[in-house]
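Me: Please take a close look at the charged pairs in this structure. Tell me which side chains meet, and what surrounds them.

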Amino acid sequence: MSFSFGGREPIIDKNIFLLTGVTRSGTTFFGKVLGSLKNVEYQFEPPFMLWIPAMSEAGILEKETAKEFLKANVYEVFYDRILARADNFRPSDDSYILGYTQLSQLEEKWKKIKNRADANSFAIERNIKLALKMPNAQLFYEFYRKVFPEIKFIHMVRHPFDVALSVQKKGWLSDLSFSTPSASFARKTIVYKGKNLNVPFWLDDESVEGFIASDEFSRGLIYWRIIMYAHLSSAVFNPNSGRDWEFRYEDLVAEPEKIFNEAYKFIGAESSEKTKELLANVKKDRVSIYKPQGKLRIPETELARIEAIMSKYG
């Protein structure tokens, strides 16, 4: 049995951009850059972008229903953004609306756009783009492109040591985080040595033993390897196609003007005063890669896999 969802209007289908990368790769900052561009609507980490394809892959959601459900959710985000229904005004949050949008832009929406018909007209008139930001989406490139054949992917890459260190500081891969997960944490329950354990949904059976035995830093490296392997193994992501784009976090820090200009071109949008503010806040510098001290508590096979991926990025 499958379900369908009514009220879908594919006005935005050809103008959807998905920004992704391994967690702690700079996507939060760059998402704000995209959101600051003229005529771009931006949504910070809508969790359904992972939940729906993950449940479909696990057989919990019927495939066609999952596709329809994802499409309906993306359309609702589109309308919420244009109608300014779900804007976050908490300055301490990463999704703080005034972190990437001028108040005058919101006031214009409140005055001019009263309903979905107005939103459709506004989107057509201004050729509105919808930018979604979701880490770990590399796992589901194929799913997204089946739902939205013209979706465009933006992938950020950061050195695995820096990612692992940052994740370790956050405590996101600690035993405590698995035993008391947040509501948005997509997880699965496995039986390990006779006990039920909550683990991240992306942890494959082959990696379980090494992951659980590793310290938090090494878990971060294994996490980086799993997500990056999915990215590189995808037959869908193709930066040479013109509709997918990849760049390194280290290049963003070293040459922010260059990366910002590439973003304008790829998205097909102009910078705003807010974009210029964000550019001015980038501390232009050469990134110093973290070097772990002592022997890593990680299987040799994992190290070899990580090094193989790193070699592809020089």
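**Charged pairs and their surroundings**

Reply: Start with Glu250, which forms a salt bridge with Arg248; the closest N and O atoms are 3.3 Å apart. This is a predicted model, so every value here is computed from it. Is Glu250 buried or exposed? Glu250 counts as buried, because its relative accessibility is 11% and buried means under 20%. Arg248 counts as partly exposed, at 24% relative accessibility. Salt bridges can also share partners. Glu206, Arg225, Glu302 and Arg305 are joined into one network in that way.

How many salt bridges does the structure hold? The number is 18. The general idea is simple. Side chains of opposite charge can pair when their charged atoms come close.

Now take Asp244 and Arg145. Their side chains meet in a salt bridge, at 2.9 Å from N to O. Asp244 lies in strand β7, residues 244-248. Arg145 lies in helix α6, residues 141-147. What about cover? Asp244 is buried, with a relative accessible area of 3%. Arg145 is buried too, with a relative accessible area of 9%.

Another pair is Arg116 with Glu76. They form a salt bridge, and the closest N and O atoms are 2.8 Å apart. This pair links distant parts of the chain, 40 residues apart. Arg116 sits in helix α5, residues 116-126. Glu76 sits in helix α3, residues 63-82. Arg116 is partly exposed, with a relative accessible area of 26%. Glu76 also counts as partly exposed, at 34% relative accessibility.

Next comes Lys109. Lys109 lies in helix α4, residues 103-112. Is Lys109 buried or exposed? Lys109 counts as buried, because its relative accessibility is 10% and the limit for buried is under 20%. Which side chain does the side chain of Lys109 meet in a polar contact? That partner is the side chain of Glu41, at 2.8 Å. The side chain of Lys109 also reaches the backbone oxygen of Arg81, at 3.1 Å. Now leave aside the neighbours within four places in sequence. Lys109 is then in contact with Glu41, Arg81, Ile82 and Ala84.

Aromatic rings are another. A search of the whole structure finds 20 aromatic pairs. In one of them, the rings of Tyr144 and Phe153 have their centres 6.5 Å apart. Their planes meet at 55°, so the pair is tilted. Tyr144 and Phe153 are both buried. Why give two values for a pair? A pair of aromatic rings is described by the distance of the centres and the angle of the planes. Rings can also gather in a cluster. Phe17, Phe29, Phe30, Trp245, Phe247, Phe260 and Phe266 form one aromatic cluster.

Finish at the surface. Trp51, Met55 and Ile60 form a nonpolar patch there. Together they have about 290 Å² of accessible area. Met55 lies in helix α2, residues 48-57. Met55 is partly exposed, with a relative accessible area of 30%.

Terms used:
Residues are numbered from 1 along each chain as its sequence is written. This is a predicted model: local features need pLDDT of at least 70, side-chain atom pairs count only at pLDDT 80 or more; totals for chains, interfaces and linings use all residues. Side-chain values use heavy atoms; hydrogens and water are left out. Patches are made of residues with over 30% relative accessible area and no salt bridge: like charges are joined within 9 Å, nonpolar side chains (Val, Leu, Ile, Met, Phe, Trp, Tyr) within 5 Å. Accessible areas come from the Shrake-Rupley method with a 1.4 Å probe; for residues, only the protein chains shown count as cover. A salt bridge is a side-chain nitrogen of Lys or Arg within 4 Å of a carboxyl oxygen of Asp or Glu. Helices (H or I, at least four residues) and strands (E, at least two) are DSSP runs, numbered from the N terminus. Buried means under 20% relative accessible area, exposed over 50%, partly exposed in between (1.4 Å probe, protein chains only). A polar contact is a pair of N or O atoms within 3.5 Å; within protein, one must be able to donate a hydrogen and the other to accept it, and residues adjacent in sequence count only if both atoms are side-chain atoms. Contact means heavy atoms within 4.5 Å. Rings of Phe, Tyr and Trp (its six-membered ring) pair if their centres lie within 6.5 Å; planes under 30 degrees apart count as stacked, over 60 as edge-to-face and the rest as tilted.
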